[in-house]
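Here are my notes on the model you sent over.

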Amino acid sequence: MPSREKGDNLALTTCPERRRPRRLRHLAGIRSMVRETRLCRDNLIMPLFVCPGTGVRHEIQSMPGNFQLSPDLLVEECRELAGLGIPAVLLFGIPPTKDAVGSGGYDPEGIVPQALTAIKAACPELVLVADVCLCEYTDHGHCGVLHDGKVLNEPTVELLVRSALTYADAGADLIAPSDMMDGRIGRIRDALDGHGHRDLPIMSYAAKYASGFYGPFREAAGSTPRTGDRRSHQMDPANAREAMREIELDLEEGADIVMVKPALAYLDIIRAARERFDAPLAAYNVSGEFAMVKAAARLGWIDEARVRDEILLSIRRAGAELILTYFAKDVARVLP
Ligand code: PBG
């Protein structure tokens, strides 16, 4: 390479036609050839909500196009998603009754095991991801065992382990603990290994922030805490270095895939995690991120499809391979 002379920069400013990034933007064909990041169906995971009954299809108001579905209709939905080439679904359960210790979350006959069995039979090719947390199953709406208004770590981990084993036995292909208790990945890993599930991977919600963006989800899953919030276990939005420690811990404990959540307000965390760790990285484009786009589009203020694609691309560009998104179905319909 010839060394650059001082005069080069001057030459460039006086001959601007030499440097014309627009040359690569005129033709759609060339734009496509030089495109650095692409969305692809293989990256998508569609979250779904399963509720008791038959023939139930209850739309979640703040998440248009998303439903609480009974197992029979959930299976139909999964057939459609599989037909669109979506590789994976993430299951959340809405139990018929809730109690203080979230028993519905580890009942072998519970709503998620029922759904897992039914979907496995109908769509064996679909990867079934089971979210593990107790907040959908407790009557107080907290993620675990409550004592004096505090979520207790160790007793909660015991129940999460039971939940993970229940879902594993029911046919889950990937276990996704979303609770943010300390040490749960290691404990779940040991329990899976000890019960014949050595090859079952864990996708850990490793850097999960205490976020206002979960609002619509809590309507969808009926999991709004009756009192207080989740700041005692979910992360402070101000912290980035702490996210690296959380991810490191989960990888040490045996997580196979690590997740950053939410996605859009945390693209810097996704980028930092991608640069620092080699493990597959997922990002959760959460309910509030979805609802904002839908709401603005309904008001005619933004072009939904363009903004959706831009957001999903930004998550890929930041460095996440996998995207959990309520847009999965919409976007799979239009991907080439
Ligand atoms: C906890 C859980 C939550 C979400 C996924 N798993 C809610 C919470 O932590 O309060 C939120 C997902 C979303 O907002 O889309 N079980």
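1. Does Asp 148 count as buried or exposed? Please keep in mind that this is a predicted model. Asp 148 counts as exposed, because its relative accessibility is 73% and the cut-off for that label is over 50%. You will find Asp 148 in the loop between strand 6 (146-147) and strand 7 (150-151). Its backbone deserves a look too: Asp 148 is not a glycine, yet its phi is positive, at about 50°.

2. Met 180 also has a positive phi, near 70°, in a residue other than glycine. Its place is the loop between strand 8 and helix 6. Met 180 counts as buried, because its relative accessibility is 3% and buried means under 20%.

3. Let us move on to helix 6, residues 184-194. Its buried residues are Arg 184, Ile 185, Gly 186, Ile 188, Arg 189, Ala 191 and Leu 192; please note that two arginines, Arg 184 and Arg 189, are on that list. The cover over these buried residues includes helix 5, strand 8 (174-177), strand 9 (203-208) and helix 8. After helix 6 comes Gly 196, with a positive phi near 80°.

4. The largest nonpolar core contains 107 residues, and Phe 49 and Met 203 have the most contacts inside it. Helix 5 supplies the largest share of this core, with 8 residues. To see what surrounds Met 203, leave aside its neighbours within four places in sequence: Met 203 is then in contact with Ile 45, Val 129, Leu 174, Ile 175, Ala 176, Pro 177, Ile 257, Met 259, Ala 282 and Leu 324.

5. Not counting residues up to four places away in sequence, Leu 48 touches Leu 74, Glu 77, Cys 78, Leu 81, Val 89, Leu 90, Leu 91 and Phe 92. Take Glu 77 from that list: Leu 48 and Glu 77 are 29 residues apart along the chain, and their C-alpha atoms are separated by 9.2 Å.

6. Helix 4 passes a simple check of its length. Its 12 residues (111-122) should span 16 Å at 1.5 Å a residue, and the end C-alpha atoms are 17 Å apart, so the two values agree. The buried residues of helix 4 are Ile 111, Val 112, Pro 113, Ala 115, Leu 116 and Ile 119. They pack against strand 1 (44-50), helix 3 (71-83), strand 4 (88-93), strand 5 (127-132) and helix 5 (153-169).

7. How do helix 3 and helix 4 pack? Their axes are 9 Å apart, at an angle of about 45°, which means that helix 3 is oblique to helix 4. The crossing is right-handed. On the helix 3 side, Pro 71, Leu 74, Val 75, Cys 78 and Arg 79 take part, and they meet Ile 111, Gln 114, Ala 115, Ala 118, Ile 119 and Ala 122 of helix 4.

8. Pro 262 sits in the loop between strand 10 (257-261) and helix 9.

9. A last stop is Thr 37, in the loop between helix 2 (28-33) and strand 1. Is Thr 37 buried or exposed? Thr 37 is buried, because its relative accessible area is 18% and the cut-off is under 20%. Apart from residues up to four places away in sequence, Thr 37 touches Leu 313, Arg 316 and Arg 317.

Definitions and conventions
Residues are numbered from 1 along each chain as its sequence is written. This is a predicted model: local features need pLDDT of at least 70, side-chain atom pairs count only at pLDDT 80 or more; totals for chains, interfaces and linings use all residues. Side-chain values use heavy atoms; hydrogens and water are left out. Helices (H or I, at least four residues) and strands (E, at least two) are DSSP runs, numbered from the N terminus. The expected span of a helix is 1.5 Å times one less than its number of residues. Buried means under 20% relative accessible area, exposed over 50%, partly exposed in between (1.4 Å probe, protein chains only). Contact means heavy atoms within 4.5 Å. A nonpolar core is a set of buried Ala, Val, Leu, Ile, Met, Phe, Trp, Tyr and Cys residues joined through side-chain atoms within 4.5 Å. Axes are lines fitted to C-alpha atoms, for helices over the stretch in contact, and angles run from 0 to 180 degrees between N-to-C directions. Angles under 35 degrees count as roughly parallel, over 145 as roughly antiparallel, 65 to 115 as roughly perpendicular and the rest as oblique. A crossing is left-handed if the near helix is turned anticlockwise from the far one by less than a right angle, and right-handed if clockwise.
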